[in-house]
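Please look over the sequence and the structure shown here before reading on. The report after them is written for someone who meets this structure for the first time.

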Amino acid sequence: MAFAKPSIKRRLVRYVPSITIMVAYSCIPLLGIRGFWLDVLTRANIFALLTLSLDLYSGTTFYLNLGISFIAGSSAYVVALLYRYLGMVPEYSIIPAIAVAIALSTVIFLPSIRVRGVYFSVLSLLLPLIMVSLITSQPLSLYLGGEGGIPLPSLFSSYARMLPPRERIPFLQLTWFYLTTALTIVAAVLSYKLAYSNFGFMLRAIGQDEELAEASGIDTTRVKLLGFLVSSTLAATAGALYAAIRPPVTVDVLIPANTLVPPLTAVILGGMGTIIGPLATNYITIVAYELLWDAIGRWRTIAYMLLLIVLVILKPQGVVFHIYLKLRKAIATKLSSVTWR
Amino acid sequence: MSSLLVCEGVTKRFGGLVALNNVSIEVGKGEILGIIGPNGSGKTTLINVISGVLLPDDGRVIFDGKDVSKLKPHVRVSLGISRTFQGSRVYPYLPVYYNVALSARSVYRDPEIARAKTNWALTVTKLIAEAVELPINLTPFKLRMVEIARAIVTNPKLVLLDEPFAGLSAEEVEEVIKIINKLNNLGVTFIIVEHKLRYLMKLAERVVVLNNGIKIFEGPPSEAIKDREVIQVYLGGGVS
Ligand SMILES: Nc1ncnc2c1ncn2[C@@H]1O[C@H](COP(=O)(O)OP(=O)(O)O)[C@@H](O)[C@H]1O
Ligand SMILES: [Mg+2]
């Protein structure tokens, strides 16, 4: 029995479906889809970043980071505060905001060096809630915008002002769609590569038996920290984009029902750690939600919760098998250099 | 004989329980040391202290002339200490190949070397045919082999085996012993923990007997079975 390395042609063929989907998705505006639905897809792109963030770290290590609302909220608030106090427009503040949010996110990570499992999740969930109370509490609300939030000019609005009034909103919607789509594609490809790389498997090993991983040579603290930082970068990018595209920035972005429950549903429903599953589920649930608005209306969160409960009861087992099937081929290739009887 | 590992007065407490009480052992380069003792005597705890899974409350662990007492387990692996776990521990949802390859990759930065080393470890343990399987589909014997492959893939100087023969048939035990001897001939040092003395008789030149966290005997296995205190400890359990 011997395995041959797949030819370059066959390897290219493997990428055809995913490239087709990415190109087709980017071409959606060419079909004449504008306005409301373009906004929905832009929002779905931003939530895709949150979903990738959650799946890349929590889907592999099973350290359920319920604090992504805190990371996204931090970068959104930094974008808003940089405008309020320094007059910096989002074009310039997005990158520094992401950097600040990544630095703040380490507050979530620190306990995970010692605290495992459910305690980590509980601690991570407390942070966004503490932030909400701080922002809406008496002395601080004056500086942090309180309930009303912080207004700021949206991303690229200075360019839009150069256009005739009627073209401004369509221009912004189109630009935002393309920007978020491009970022999501880059993030999705990188997340996928990472999740199925040696590094990704080290994260999975940690999720399956952390003590074994450490005792067999894996620097678990370093691997977890790196994985967490990549994950935080994605969540922080989502938060900064959300602030820049949908001002004003309010505590809504920090509330887990808004920015944690949808990606969490996508990750669990789509298959933890598979990247593609949660990504697809993110788009399906957001579009389905808009289509079903009349039927579900304001019951979205409850609908998500019910879906989650049903899923937890049903416990889809296919996920592990999917990853495993993927691996069989990869291993066969790696073993091809050995001769055996 | 120069020492590869020295444990100096190692003490480990769990609350009020003293699992290891001022235990000192020395292992020479290329030696096979057996550690026996009844259940709960502290054998696994000693392996945990040497591999860094637990830190001792007192005493030092010196490996290859270097004090490693405070180092994390993964650092000790890179220095050359590998271990297996009692009852076999594996990543249940990762194929055998990755169970072994991830350890290789954590020690060898060069992916080509890591891959070659993985293939070597899988060949030595006769696991090539099972490389794509998930651990769930393996027999206890093959699982034990996965652990051994994972332990030897990092090019260790010292391998700690915690009850490697438990639950195996006589032929399977022979297979494991063959691999131990093969690696020992290549210069790898072993510490083998066993509940019973039988398998260590022909394998180990020297055994340490633990009881209630205290070292009660040290010497050749043939003398251990004659020692009054050892016989006392094993009364009812049976030395062999
Ligand atoms: N992590 C732990 N926490 C508390 N007690 C422990 C722990 N590990 C071992 N022990 C106790 O220490 C003693 C020695 O255990 P162990 O080293 O596993 O013995 P052995 O391997 O010789 O059977 C036992 O009484 C056991 O209950
Ligand atoms: Mg034990």
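What follows describes confidence, then the contact between the chains, and then some local features.

**Confidence**

The model is predicted, and the predictor gives the complex an ipTM of 0.93 together with a pTM of 0.90. For chain B the mean pLDDT is 93, and 97% of the residues of chain B reach 70 or more. Within chain B, confidence is lowest in helix H9 (residues 228-234), where the mean is 83, and highest in strand E6 (residues 81-83), where the value is 98.

**The contact between chain A and chain B**

Chain A brings 28 residues to the contact, and chain B brings 31 residues. Between them the two chains bury about 3,100 Å², and 65% of this area is on carbon and sulfur atoms. Nine residue pairs, with both residues at pLDDT 80 or more, are in polar contact between chain A and chain B. On the side of chain A that touches chain B, at least two residues come from each of helix H9 (198-208), helix H10 (210-215) and helix H17 (318-335) of chain A. Of the elements on that side, H17(A) gives the most, with eight residues. By residue class, the side of chain A that touches chain B divides into 15 nonpolar, six polar and seven charged residues.

The structure holds 16 salt bridges over all chains, and two salt bridges are found across the interface of chain A and chain B. In general, side chains of opposite charge can pair when their charged atoms come close. The table lists two salt bridges in which Arg89(B) takes part.

| Residue of chain A | Residue of chain B | N to O distance |
|---|---|---|
| Asp209(A) | Arg89(B) | 2.9 Å |
| Glu211(A) | Arg89(B) | 3.0 Å |

The pair of Arg89(B) and Asp209(A) runs from the loop between E6 and helix H3 (96-107) of chain B, where Arg89(B) lies, to the loop between H9 and H10 of chain A, where Asp209(A) lies.

**An aromatic pair within chain A**

Over all chains, the structure holds 13 aromatic pairs. One of them joins Tyr57(A) and Phe228(A), whose ring centres are 5.4 Å apart and whose planes stand at 85°, so the pair counts as edge-to-face. Because Tyr57(A) lies in helix H2 (residues 35-61) of chain A and Phe228(A) in helix H11 (residues 220-245) of chain A, this pair ties together parts that are 171 residues apart in sequence.

**Backbone features of chain A**

Most residues other than glycine have a negative phi, and most peptide bonds are trans. Phe62(A), although not a glycine, has a positive phi of about 65°, and this residue is found in the loop between H2 and helix H3 (68-86) of chain A. A cis peptide bond, with omega about 0°, joins Pro247(A) and Pro248(A), and Pro248(A) has its place in the loop between H11 and helix H12 (256-259) of chain A.

Key:
Residues are numbered from 1 along each chain as its sequence is written. Chains are lettered from A and ligands numbered from 1 in the order in which they are written. Side-chain values use heavy atoms; hydrogens and water are left out. Contact means heavy atoms within 4.5 Å. Buried area is the accessible area (1.4 Å probe) that two parts lose on being put together, summed over both. A salt bridge is a side-chain nitrogen of Lys or Arg within 4 Å of a carboxyl oxygen of Asp or Glu. A polar contact is a pair of N or O atoms within 3.5 Å; within protein, one must be able to donate a hydrogen and the other to accept it, and residues adjacent in sequence count only if both atoms are side-chain atoms. Helices (H or I, at least four residues) and strands (E, at least two) are DSSP runs, numbered from the N terminus. Ala, Val, Leu, Ile, Met, Phe, Trp, Tyr, Cys and Pro count as nonpolar, Asp, Glu, Lys and Arg as charged, and the others, Gly among them, as polar. pLDDT is the predictor's confidence in each residue, from 0 to 100. Rings of Phe, Tyr and Trp (its six-membered ring) pair if their centres lie within 6.5 Å; planes under 30 degrees apart count as stacked, over 60 as edge-to-face and the rest as tilted.
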